[in-house]
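Work through the exercises below with the sequence and the structure in view. Each task is followed by a solution in steps.

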Amino acid sequence: SDEGLILTNNHVIEGADEVTVQLFDGDEVDAEVIGADPLTDIAVLRISEDDLPYVRLGDSDDVRVGEFVLAIGSPLNQGLAHTVSFGIVSAKGRSIGLIGNNRQGGYEDFIQTDAAINPGNSGGALIDLDGNLIGINSAIASRSGGNDGIGFSIPINIAKRIMEDLLDDGKVSRGYLGIAGRDLDRVFAEALDLGDTRGIIIDQVLEGTPAYVKQTHLLYPNLNPVCL
């Protein structure tokens, strides 16, 4: 916003004692971390500058596979800051198992693009041809370690909801089950003698989460067991 709010990735600022933002004109200003959410890899910063140019937030639900997009970031090193690359939306709804922690898996619904994204592009903007921000560039799939044409952006609608929670409450409130799962593919469907591949496979129920129930056996000699 023109009041100095900045969206970026949690992994960009995670563990930092101080955060400095370099503006397009080369000036560097200190930033305050308003909040961060590791489970969506979103962080919100604020700098004390007025009347800043800013990008409009789009609607990632309206993004279509095949539409043209621009990726803006600082790949590889600071000398390549403000690099713009061009591509299309390759897919939507991607989950690659990147975000999360030991207790809880992350929330992934990535926009996939072939616009060139390299290490260092994290936190950069994915923009449609109307100039609207539709995603936060976050990750790549690569065998070489560089751009192989498979980049991932967090949809702006997810980032916007996280931003609003962090601004209003300083934290993100959400419901969760506490399970680790994966897609039910054709091989597992056939092995389990299922008719189709709808649904998921639950690999793990994490201890201490809402889905976890610790079984306790109590023995009372004068009572008959009852099945509930």
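Helices (H or I, at least four residues) and strands (E, at least two) are DSSP runs, numbered from the N terminus. The model is predicted, so local features need pLDDT of at least 70 and side-chain atom pairs count only at pLDDT 80 or more, while totals for chains, interfaces and linings use all residues. Residues are numbered from 1 along each chain as its sequence is written, and side-chain values use heavy atoms, with hydrogens and water left out.

**Exercise 1. Describe helix H2 and its surroundings.**

Step 1. H2 runs over residues 156-169 and has 14 residues. The expected span of a helix is 1.5 Å times one less than its number of residues. From first C-alpha to last, H2 reaches 20 Å, close to the expected 20 Å.

Step 2. Its buried residues are Ile156, Ala159, Ile162, Met163, Asp165 and Leu166.

Step 3. These buried residues pack against six strands, listed here with their residues: E1 (5-8), E3 (28-37), E4 (42-47), E5 (56-57), E10 (132-140) and E11 (151-155).

Step 4. After H2 comes Gly170, with a positive phi near 75°.

**Exercise 2. Is strand E11 enclosed or open, and which strands pair with it?**

Step 1. Five of the five residues of E11 are buried, so the strand is largely enclosed by the rest of the structure.

Step 2. Two strands pair if DSSP finds at least two bridges between them. Strand E8 (residues 110-113) pairs with E11 in the antiparallel sense over three bridges. Within this pairing, Ile111 has Ser153 of E11 as its bridge partner.

Step 3. E10 also pairs with E11 in the antiparallel sense, over five bridges. Here the bridge partner of Gly135 is Pro155 in E11.

**Exercise 3. How many salt bridges are there, and where are they?**

Step 1. A salt bridge is a side-chain nitrogen of Lys or Arg within 4 Å of a carboxyl oxygen of Asp or Glu. By this rule the count is three.

Step 2. Asp165 and Arg161 form a salt bridge at 3.3 Å, N to O. The two are four residues apart in helix H2, so about one helical turn separates them. Asp165 counts as buried because its relative accessibility is 17%, and Arg161, at 38%, counts as partly exposed.

Step 3. Glu190 and Arg186 form another, with their closest N and O atoms 3.4 Å apart. They are four residues apart in helix H3 (residues 186-191), which means a separation of about one helical turn. Glu190 is exposed at 53% relative accessibility, and Arg186 is exposed at 55%.

Step 4. Arg198 and Asp196 also form a salt bridge, the closest N and O atoms being 3.0 Å apart. Arg198 is exposed, with a relative accessible area of 70%, whereas Asp196 is partly exposed at 33%.

**Exercise 4. Where do His82 and Asp193 lie, and what are their phi values?**

Step 1. His82 is in the loop between E6 and E7. Its phi is positive, about 65°, although His82 is not a glycine. His82 is partly exposed, with a relative accessible area of 36%.

Step 2. Asp193 is in the loop between H3 and E13. Phi of Asp193 is positive as well, near 55°, in a residue other than glycine. At 69% relative accessibility, Asp193 is exposed.

Methods:
Buried means under 20% relative accessible area, exposed over 50%, partly exposed in between (1.4 Å probe, protein chains only). Contact means heavy atoms within 4.5 Å.
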